[in-house]
Amino acid sequence: MLGGRALRILGLTLPPDGRLLCRFKGEPEQHGGFDEEGHPFCISPLLYETGWISFDVSIDGTHFDRSGEYLSVHPSKADPLFEVALVNATLWQNYGTPNMAGRLRMTWNSSLVQSEKINVELWGYREVNRSTAGSSTLQPEIRYLYSLGRHVPNTGDFSFIPEPREEFSGWELGNIRITASSESEGQRNVRALWSGGHVLAWHLEQSFRDDSSGWAENKCLQWDDLERKLPNFLDELAPCPCTLAQARADTGRFHTDYSCNIETGSVCTYHPGCVHCVRAVQASSSHGSGQQCCYDHMDALVLTGDSVGGSTPDRAHDWGSPPYREPPRVPGYSHWLYDVMSFCYCCLWNDLCHIYLKHRPSSGCRRYQPPRAGVVFGDLHFITFDGLSYTFSGRGEYYLVFSADGGLRVQARTEQLKLKNGTLVNATRLSSVVMKENSSDVIEVRSADDRLQVLRNQKILPFTEQRWMDLQGVFVFAPCPQNATVMFSSGAGVELRLHEGTMKATVLLPAEFSNRTRGLLGRMNSDPSDDLTTQSGKVISSTNATLEDVFTFGAGWNISKMSSLFTYDSHYLLDSYFFPSSHDAAFVPAFSLPVKHDDPLVADMLSMCLGEGAQFCIHDTLISRSLAVGNATLKAHQHHQALIEALQPVVSCGWLPTPRNGKKNGTHYLQGKTLGFTCNEGYVLYRSTERTCLEEGMWTGEQPYCITDDKVGFILGAFGSLSALVTMGITIKLHNRKKDRERNEKPLEMVTQAQT
């Protein structure tokens, strides 16, 4: 995103009198160059957005008739090999506070800067109001400030003792940039290495070093005043998952916050007492804000009402959001400016964290609804969103999920199973899944030998440098060659996993898709009886359906050629799927396989295929003649069952405050949890000493208070007097009602006597 990388242009030949020009999105034209191998290149510009960026190329200086794309990544996700590393980041961030002084040091890969001498520069970031056409808009600005060193030997190591820079103290966030010394200071669009964004405490004015706490207090109070004037962003945030298990399983809507990651054992610096945090994948629609949810070692959501390490939402989503260039949607920088700098003012450099948490309170989880999950695995088994299990071994291309209202399409391609010896058997397995939501990019994930291959709009995506890609209307995360997760704007997620050569696809849909899905994964409505609904709307009873009936149902969900999202980029795919029918009617699978006890495979198979999913394990072991394949199917089923368990809804009764001058025993607020309350010495507890969270989502008892001993008599006396007054009032009211009733009954008695 910060630019400075040479983008090599392949397959381009420049005529002798040609001029290489590059034109990037919204940026001025720039001259290209040639590397040491003679390949033409252009320098990526400094931008304020992430994702695939298009650019145009001219070889005659006039006509831009060639185009290309490159991936602009979030500053924190840049390849560390191409970064300037700030040694001892804590010292850089807190320089000038007590016991934080000395030399600051940075390192870099010197071979990446092809020069014996280099320049070390400081660039700052801010967001400023600019007037255009009579209106004022907030705009981002990254600007060169000054150089820390000129013509420095390119050893890959530089250190310095920072001095306060009064004239630049208004710039509190920025980056270090290293360029060849032949480049002019502050020149844009040149080869460069950048550090990560960081707080520029080390160059702040002298008053900060003289009294960092007082300086930070003033800044914190100024931020407090500013926050009161800004629009409320909390109400439109998605609620947090109630448990760590839910947070890690809901991969369509939440992703690991790498600053607090249980898998890597990272220290949760900003969330003490927590073991893992996640961030909402999508920014809020109106304000571009972000949700963060943190959990303790008991898997419980930690709230700021109980701990300074609690979950804190962000006014600006760390990953940014379209249209990106408009604050507070600038990836990384807006978040640091609105959420991290204020944390430094109020919490790191001062003891005013209560002010920060007042504006960044935890959202809680009472409104959270876990997604529903459907899966296809093995050779070829389905478990619908409502939990119906069946086997359909059709060969062709089919709808896993079709949601016209939700704009989501997920299609699956299956292929005939081939044994290791090359023999084809009468079963199929998943070979590719393609998906699209509304106007998003089309994402296809297909099996390619022992890895997954990811395509965007029919072009292969390289995950050699990046594990995360921000695309049009969709994110893709590929942590290793066998795993890929696709996340759409709606919160729908698709997980693809490859094990033992077999692909598994799990689709997770939020509650908004209820009664809005059709396809092989069924109608998501908590009723499995209608999951076998054909394209024409006919419901096949799952209790009475034969294996042949289920096969006919599955075959009916084949896709049309006009609706196909798949890529056909080989003769094999063209001949096998594009030209023939989308469902191979000539292929008939083995509907059942008898277990022959004289089969040498059976004994080991029966000892392995146990528990839930055993029938799928047995089927795939026999059909593939492989215990490894059967075991992979069993593991896939067990993983899905664990996922379903993790996504079970839980009831939250909501946060309860600690009584003033008292204590609260417990910080867990889910069904069945009981909180106890006590008072400090000299105080007496009034109302409930314990409160239990009920299944209805309500607490038993009443909110307790702690009152001093000398006020107890007064309150009890007042309560007694009030009770006496209430009793007297009720007695008078009953007496008056009796008198009224007697007066009404006397005329009735007279009428009755006259008639008789």
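**Entry 1: the cavity**

I started with the largest cavity, which holds about 100 Å³ of space. My working definition of a cavity, on a 1 Å grid over the protein atoms alone, is a set of points where a 1.4 Å probe fits but cannot get out. A volume here is the space filled by probe spheres set on the points, and grid points are joined across faces, edges and corners. I counted one cavity of 30 Å³ or more in the structure.

A note on ground rules: this is a predicted model, where local features need pLDDT of at least 70, side-chain atom pairs count only at pLDDT 80 or more, and totals for chains, interfaces and linings use all residues. Residues are numbered from 1 along each chain as its sequence is written, and side-chain values use heavy atoms, with hydrogens and water left out.

Next I looked up who lines the largest cavity (lining residues have an atom within 4 Å of a point). The lining includes H74, K77, W319 and F475. Strand 28 (468–471) and strand 7 (66–72) each give two or more residues, and strand 28 gives the most, with three. Strands are DSSP E runs of at least two residues and helices are H or I runs of at least four, numbered from the N terminus.

**Entry 2: the second largest pocket**

Then I turned to the second largest pocket, with about 1,500 Å³ of space. Of its 47 lining residues, S76, G197, S259, Y270 and W336 are the closest to its centre. A pocket is an open set with protein on both sides within 12 Å along at least five of seven lines. Helix 5 supplies the largest share of this pocket's lining, seven residues.

**Entry 3: helix 8**

Which residues of helix 8 are buried? I found L573, S576 and Y577. Seen down the axis of helix 8, they fall within an arc of 85°, so they line one face of the helix. The arc is that of the directions from the helix axis to the C-beta atoms. On the other side of helix 8, H571 and D575 are exposed. Buried means under 20% relative accessible area and exposed over 50%, with a 1.4 Å probe and protein chains only. The cover over the buried residues includes strand 22 (397–403) and strand 24 (424–437).

**Entry 4: confidence**

Last, I checked pLDDT, the predictor's confidence in each residue, from 0 to 100. The protein chain has a mean of 91, and 93% of its residues reach 70 or more.

Technical notes:
Contact means heavy atoms within 4.5 Å.
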